[in-house]
Amino acid sequence: MERTFLDISRVVVRFAPGAPPVLNGVDLKVKQGEYIAVIGHSGCGKSTLLNVVAGLLPATLGGVVLEGSEVTEPGPDRAVVFQNHSLLPWLTVYENVRLAVDRTAGRTMSRAERDAWTLENLALVRMTDHARKRPNEISGGMKQRVGIARALAMRPKVLLLDEPFGALDALTRAHLQDQVMAIHARLGTTVMMITHDVDEAVLLSDRIVMMTNGPNATIGEILEVGLPRPRDRLALASDPRFLSAREAVLRFLHERHALPAVA
Amino acid sequence: MNALAPPATPDEAMSSTTMPMRRAPSIADRVRPHVQHGLAVTLPPLLVVIALAAVWEWAAGGPDATLPPPSRVWADAKELILHPFYDRGGLDKGLGLHLLASLQRVAVGFTLSAVVGVLLGMLVGTSRFAMRALDPLFQVLRTIPPLAWLPLSLAAFREAQPSAIFVIFITAVWPIIINTAVGVRNVPADYRNVARVIRLSRFDWFLRIVTPAAAPYIFTGLRIGVGLSWLAIIAAEMLIGGVGIGFFVWDAWNSSNLSDIIVALTYIGIVGFMLDRMMALIGRAVTRGTSEQ
């Protein structure tokens, strides 16, 4: 087996002393270049897990080790694409990405190199034509693409996606998923993606981590998606391997770990 | 167009006279909507002012009226209205010069309060300790009416000019502090997370994220502050004397020049309105694109 790249070990997160922990003993080893999807019902703590890996939230017990060093604070090696894009509205698309580039590569790259690197990442998500626009002048899908460009521009070891396509319409979402697949194929970045969309998880990832319901949530099951890459959503739509993986996740979510009727 | 399609029947000829055929819009056509909009906006308040003046003329027209009617105001204060910048030395100056003196004091006092207010507001908005320590103090101090500060400030500065400026400062600074603090506290958590991920320095965090994110709140505070400054300076000048529109009003009262007072009040109102609009415009220009959507 390959060397572990990202090691999440026995992570427990408790927000208030005495309260039941949100996450209880999450253990996951991720290989370099792997695409991991974390899926579960709302409130299962999947975003909490992502925040622990990002370093935005400290684990109560346990910890995260990335390439041999422990995660203690947020940093550009674990770039996050936030659910609601989180672009700064007073900066243009270019400036939003450039700010991240300046902060993370200010010492190692010259001014011209940083400019070129910013444009290269905008080109990667096909936003070159809109580089001078402000976030409120572009669509939701475009904002999310800029968010991805900003994260990639930090040259992260792990790209953390927090329900990146959740707020988008189905067509835009499909388009963006294809782009993310293409970028992953090209750059080989390790990705951890939080999602509640079963099709998205199966289509994009190498392994699907299924979370039990919170509180006391933990990993219920891990599914290896054995589909060869590059993947094509049309060809997969009727592929028996795709369908069986999809069914396995659906069974987990709606049979064994269905939410109580109240939700 | 007419040459291309001449009216063939009397019927069409009729319709072409009642409904002219489409042609390139002339200048008059293009200007008309703007003129119409302008009239729709300016006409109603103008009518109200005329109606009010008429009522006033009627009410103050009697022999034992205590206030002069508009016609008397015009007759008495024509020179004041038509020549705002005459200067006969001493305190006998046109209203424009008095207004400029007052505006100068406001400019200095308000600039001071803007700088101090934004800085203190940032401190209070960022540090929980500073907020707990300072907020109660601010809440008590801000309820003190501007003029109540004047005796103390005269005692401290021993001169009219700095005292007046201090009164403006102390009046305008509270809403600026409080609004800035609210704006800083309301910086979205997402921006904080972005800043943490890219490891923004504390200085850059303030300069590049907090300041633009809080700008709409800061400008709300500045707008309230400039209005309060204008209120305070008029009152303060009545007491400290010298050149200034507040003193002018008080001086006119002492010499029973009621018409002059009415003219001066009109000017004070117009200048106050312009200060408010100016602040709003600057705010809109600076914070363009700052707020989401």
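Visitor: What makes Lys29(A) count as partly exposed?

Guide: In this predicted model, Lys29(A) has a relative accessibility of 39%. Buried means under 20% and exposed means over 50%, with partly exposed in between, so Lys29(A) at 39% counts as partly exposed.

Visitor: Why is the contact of Lys29(A) and Asp7(A) called a salt bridge?

Guide: The side chains of the two residues meet at 3.2 Å, N to O. A salt bridge requires a side-chain nitrogen of Lys or Arg within 4 Å of a carboxyl oxygen of Asp or Glu, and the 3.2 Å between Lys29(A) and Asp7(A) therefore meets the definition. Lys29(A) lies in strand β2 of chain A and Asp7(A) in strand β1 of chain A, so the pair ties together parts that are 22 residues apart in sequence. Asp7(A) is itself partly exposed, with a relative accessible area of 21%.

Visitor: Why are β2 and β5 of chain A said to stand at the edges?

Guide: The open sheet has four strands in the order β2-β1-β4-β5 (chain A), with antiparallel pairing. Each of β2 (23-31) and β5 (69-70) has a single partner strand, so one side of each is left without a neighbour in the sheet. Helix α1 (residues 46-54) of chain A lies across β1, β2 and β4 (61-66) of that chain, at about 120 degrees to β1(A).

Visitor: What makes the pair of Glu73(A) and Arg199(B) a salt bridge?

Guide: The closest N and O atoms of Glu73(A) and Arg199(B) are 3.5 Å apart; the limit is 4 Å, so the pair qualifies. Glu73(A) lies in the loop between β5 and β6 (80-81) of chain A and Arg199(B) in the loop between α8 (189-197) and α9 (202-240) of chain B, so the pair joins two chains. Glu73(A) is partly exposed at 41%, and Arg199(B) is partly exposed at 38%.

Visitor: How do you know whether Glu237(B) and Arg105(B) are buried or exposed?

Guide: Their side chains meet in a salt bridge of 2.5 Å, N to O. Glu237(B) lies in helix α9 of chain B and Arg105(B) in helix α4 (residues 95-126) of chain B, so the pair ties together parts that are 132 residues apart in sequence. Glu237(B) has a relative accessibility of 0% and Arg105(B) a relative accessible area of 7%. Buried means under 20%, so both residues are buried.

Visitor: Why is Arg126(A) called exposed, and why is Glu163(A) called buried?

Guide: Arg126(A) has 56% relative accessibility; exposed means over 50%, so Arg126(A) counts as exposed. Glu163(A) has 11%, which is under the 20% that limits buried residues, so Glu163(A) counts as buried. Arg126(A) has a positive phi of about 55 degrees although it is not a glycine, and phi of Glu163(A) is near 40 degrees. Arg126(A) is placed in the loop between α3 (111-124) and α4 (140-153) of chain A, and Glu163(A) in the loop between β7 (158-162) and α5 (170-187) of chain A.

Conventions. Residues are numbered from 1 along each chain as its sequence is written. Chains are lettered from A and ligands numbered from 1 in the order in which they are written. This is a predicted model: local features need pLDDT of at least 70, side-chain atom pairs count only at pLDDT 80 or more; totals for chains, interfaces and linings use all residues. Side-chain values use heavy atoms; hydrogens and water are left out. Two strands pair if DSSP finds at least two bridges between them. Contact means heavy atoms within 4.5 Å. Axes are lines fitted to C-alpha atoms, for helices over the stretch in contact, and angles run from 0 to 180 degrees between N-to-C directions. Buried means under 20% relative accessible area, exposed over 50%, partly exposed in between (1.4 Å probe, protein chains only).
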